[in-house]
Amino acid sequence: MKKRKYTILFICIITACLALAACGKKKEGDNTGKETITPSPAPTSTPTPTPTVTPNITPTPEEPDYISEADAIKNIQKVIGERGYTIELLEDNLMVDGKEYYKFQISDSLAVIEPDVIVDKLSGEIFCYYQDGIVSTFEEHPLFTQTTKDPEETSHDFTKEDALAKLNEVPGKILNLPAELSEYTIIYDDWTTMVNGVECYGINAFAEVKDNKRVNMGVYYVAVDGSAMFQFDSLSDDFVEIK
């Protein structure tokens, strides 16, 4: 009986040992074929440098050397003479054939004298400007008078003061003045003018009025040699010889 118990006990021990051995193999087999993965560090990105952009700067064109409005008026006065006309600026940026002009209107105490006048803002040259946009030489203007050299450049012995003295000998009535010429303020032209083919000094007689203003009472021309005298008649727009 005891022998049988020992046999059964031996069998149980053997069975337990076999079971333990099988479990150990199973645990070792669980790690077979598995790789140990070591995480790689994320790559560090190198920043791309931003290129420097140089701005494309267009140089500012230089302003044209335009004459002033006052100089343009002086150019007109040199041609028509200082006869008490009003010169009014109508436009300071008139474009004609790619050129820029001042546009003026000339008038006297009675009416506007047509055509209008334009002055090249670069050269200072004067032209007639008609209502239909036609441009022509200033010689066509009714106020055009042919001018010559400045009297200071002439070699005449008969001066503009001599011309005034000769004109003072003429009675005011003949000069169409309400008083004698000596009663008026005299202003000489800064140039000589050709009148009926005769080179003359220009003499302007002004009356003083209120507020320090002046009114042109008469425009006279005396030959640079004293041989003739003329008066400008604004009504007929012509020269009348003074006898």
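**Aromatic rings and a lysine**

Lysine 121 lies over the face of tyrosine 66, 4.8 Å from the ring centre. A charge counts as over a ring if NZ of Lys or CZ of Arg is within 6 Å of the ring centre and within 35 degrees of the ring normal. Lysine 121 also lies over the face of tyrosine 102, at 4.8 Å from that ring centre. The model is predicted: local features need pLDDT of at least 70, and side-chain atom pairs count only at pLDDT 80 or more, while totals for chains, interfaces and linings use all residues. Residues are numbered from 1 along each chain as its sequence is written, and side-chain values use heavy atoms, with hydrogens and water left out.

The structure holds four aromatic pairs. Rings of Phe, Tyr and Trp (its six-membered ring) pair if their centres lie within 6.5 Å; planes under 30 degrees apart are stacked, over 60 edge-to-face, and the rest tilted. Tyrosine 101 and phenylalanine 127 form an edge-to-face pair, 6.2 Å centre to centre with 85° between the planes. Because tyrosine 101 lies in strand 2 (residues 99-107) and phenylalanine 127 in strand 4 (residues 126-129), this pair ties together parts that are 26 residues apart in sequence. Strands are DSSP runs of E, at least two residues, numbered from the N terminus. Tyrosine 101 is buried, with a relative accessible area of 6%, and phenylalanine 127 is buried at 15%. Buried means under 20% relative accessible area (1.4 Å probe, protein chains only).

The rings of phenylalanine 232 and phenylalanine 239 have centres 5.4 Å apart and planes at 65°, so this pair is edge-to-face. Both residues, phenylalanine 232 and phenylalanine 239, are buried. Ring pairs link these two phenylalanines and Tyr221 into a cluster.

Technical notes. Helices (H or I, at least four residues) and strands (E, at least two) are DSSP runs, numbered from the N terminus. Buried means under 20% relative accessible area, exposed over 50%, partly exposed in between (1.4 Å probe, protein chains only).
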